[in-house]
Amino acid sequence: MAFVQFTKVSLAFGDRDILKDVSVNLSASTKAALTGANGSGKSTLIKIMAGLVKPDSGERVAQKDARIAYLPQSGLVHHGCSLKEESDKAFLWGYEIQKQADELGEQMKDSSSNHERLATEQAELLAKLEDSGWYRRETLAEQVLLGLGFSREDFDKQTDEFSGGWQMRIALAKALMANPDILLLDEPTNYLDIEARNWLEKFLVEFKGGFLLVSHDRYFLDHTINDVYELFNGSLRRYPGNYSHYEKVREGELETLMAEYEQQQAEIAHLQEFITRFGYKASKAAQAQERQKMLDKLLANKIEIPESLKKIHFKFPPAPHSGQLVLTVQGLCKSYGGPDVIHDLDIVVEKGERLVVAGRNGAGKSTLLRMIAGQDKESSGSIKFGSGVSVGYFSQDSAEKITGSETILERLERVCPLDLIPKARDMLGAFLFRGDDVFKSIDVLSGGEKSRIALLELLLKPVNLLVLDEPTNHLDMHSKDVLLEAIRDFGGTCVFVSHDRGFIEDLATRVLELHPGKWRVFPGDYKYYMQRLEDEENGIVSAPANFALENAEKKSEKKEALPEKSASKLSWEEQKKASSERRKIEKAVEKLESQIAEAEEKKSALENQLANPEVYSNGEKAKSVQQEIQTLEEELATLNEQWEAEASKLG
């Protein structure tokens, strides 16, 4: 069995120890994740394992002929050949073995004495090629490229034509095609959509070699690995089990560690106070010196809490009130000069829904979100918002609007609601700006850092419809948990796109699936949606041959459900009358929604008055305000009943 072994590996950058006596053994049975806080040295450790970085000390031993494939986080670019030709470079090791076998064949022609030995060596090499699947490389290349989202039309494209994200997919494809003994993957899911992630998950489950990977996708890790290695303060520790099990075990350890940490902090504070008070008094000098020795000892063994495991909880501003009907899309079409990317889309989104838009790259997901957010108005059809709806939009382009020379902390405190300013450092910590990072100037930040700031600022705004395009990019697992909790608690409505399956499963209440020019809605959570797709693939339920046809049939069914006379058979006068009646109901619904919003605002203002010392300290004033609140609550109950009655008439 192939292996790579590392014994007491150490590496320091200046006075900072990145790795301290790290030992680990990777073999074909290794299915592991490497975790740790940002900047803990994960990428550096993987580069040492790949043989790209030399440690200061320690030993790296690899079995002879063991093949290792390494994928960095970013930065790889391919050019000068087609995708198919570039993919074939993954099999160079096989071509080399074939060359050696051919050379042995030539030697056998010229030698009779060593014929048996040469024949044995050649047979071993050819058997190695056969076992590796090298002779089936074209089929394997096709499977991997299609699985990672490339189309057959892409195979003959020049690699120079692909964007940075697709360049990394090419690099990942080559690493997988190489069929190595050990795979080292640093954030392999960063540039993959959810379909490609699902395919990679299945590939790794069936992969016969070993692998070590870094990922911030909990679902992906839970379904691929059986060991977790945590890198913390330069030390590496192994936790058997999947990632969720590691988190539970580590949470228990953290509780004990936190208690010890708080006790140590109290001791440090007590010693520092004594030294400050009595350090300059001659009568106490000896005692102060003794306390200083004790303090130095404590500081030398200071307990550190892993940033990635610190739990931060805070509430974002509540969503303003809106009507029950938040968003109505009718007959929406969008094209870029060719066939419609989005065709005749009809969907209604109600208050509190969390709609995920699913589909492969190019299906129109980001296009739809831009149109809903009002960023793209070049389309036909209509997008209407309900009463009181205010939209907050996030995309990766949001980073471009984050500019200036102020520090991160200064910017957040400037845009933050007053009651949340004391929590500004905690909020920034939750979005990966920890320690002195908060004092970085905005103009030196990377695109990913600016994206995190844009997302945090959006969540601090008083909106009730969040339109989020890939909000989990550039976030670690803890940050995703904070974001998930914030969206669940804010009480508004959310339409989003994400490639993080765990995030989608925990958040989505309904699924809109897009294909170019086609769409369909699944009235259930994401697990139901994935089960439905699996059932269609296995023939348990039939999949529609044509999405557009299916949508048309649904519209037809709705029309047929109308009492007696269908819309198509109504006379012009009857149609005019029905249309007039519907407009009256819609106006009544809008008026009620406006009245509800106004009453909610008055109630909120009165509740704020109760927090005023001038009111709550005055019994009569407090009683009067309470009576007004009670009256408004009764009025709201009546208005909501009237709204439900009118809204039900619209169907």
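I began with a term I needed: two strands pair if DSSP finds at least two bridges between them. I also noted that I am reading a predicted model.

Entry on strand β10. I looked up the partners of this strand, and found that β10 (residues 325–335) and β11 (residues 340–350) pair in the antiparallel sense over seven bridges. Within that pairing, I saw that L332 has L345 in β11 as its bridge partner. I then followed the chain from β10 to β11 and noted that the two form a hairpin with four residues between them, and that G337 in the turn has a positive phi of about 95 degrees. Turning to β13, I found that β10 and β13 run antiparallel and are joined by five bridges, and that C333 stands opposite S380 in β13.

Entry on S387. I located S387 in the loop between β13 (380–385) and β14 (391–394). Is S387 buried or exposed? I found a relative accessible area of 17%, and because buried means under 20%, I recorded S387 as buried. Leaving aside neighbours within four places in sequence, I listed the contacts of S387 as S322, G323, L325, E590, E593 and S594.

Entry on two helices. I checked α12 (residues 408–415) against α14 (residues 447–459), which pack at an angle of about 20 degrees with their axes 10 Å apart. Since angles under 35 degrees count as roughly parallel, I wrote down α12 as roughly parallel to α14. I noted a right-handed crossing for α12 and α14. In their contact, I408, R411, L412 and V415 of α12 meet I453, L456 and E457 of α14, and I sorted these residues into five nonpolar, no polar and two charged.

Methods. Residues numbered from 1 in each chain as written. Predicted model: local features only at pLDDT ≥ 70, side-chain atom pairs only at ≥ 80, totals over all residues. Heavy atoms only, no water. Buried < 20%, exposed > 50% of the residue type's maximum accessible area, 1.4 Å probe, protein only. Contact = heavy atoms within 4.5 Å. Axes fitted to C-alpha atoms, helices over the stretch in contact; angles between N-to-C directions. Parallel < 35°, antiparallel > 145°, perpendicular 65-115°, else oblique. Left-handed = near helix turned anticlockwise from the far one by under 90°. Nonpolar A, V, L, I, M, F, W, Y, C, P; charged D, E, K, R; others polar.
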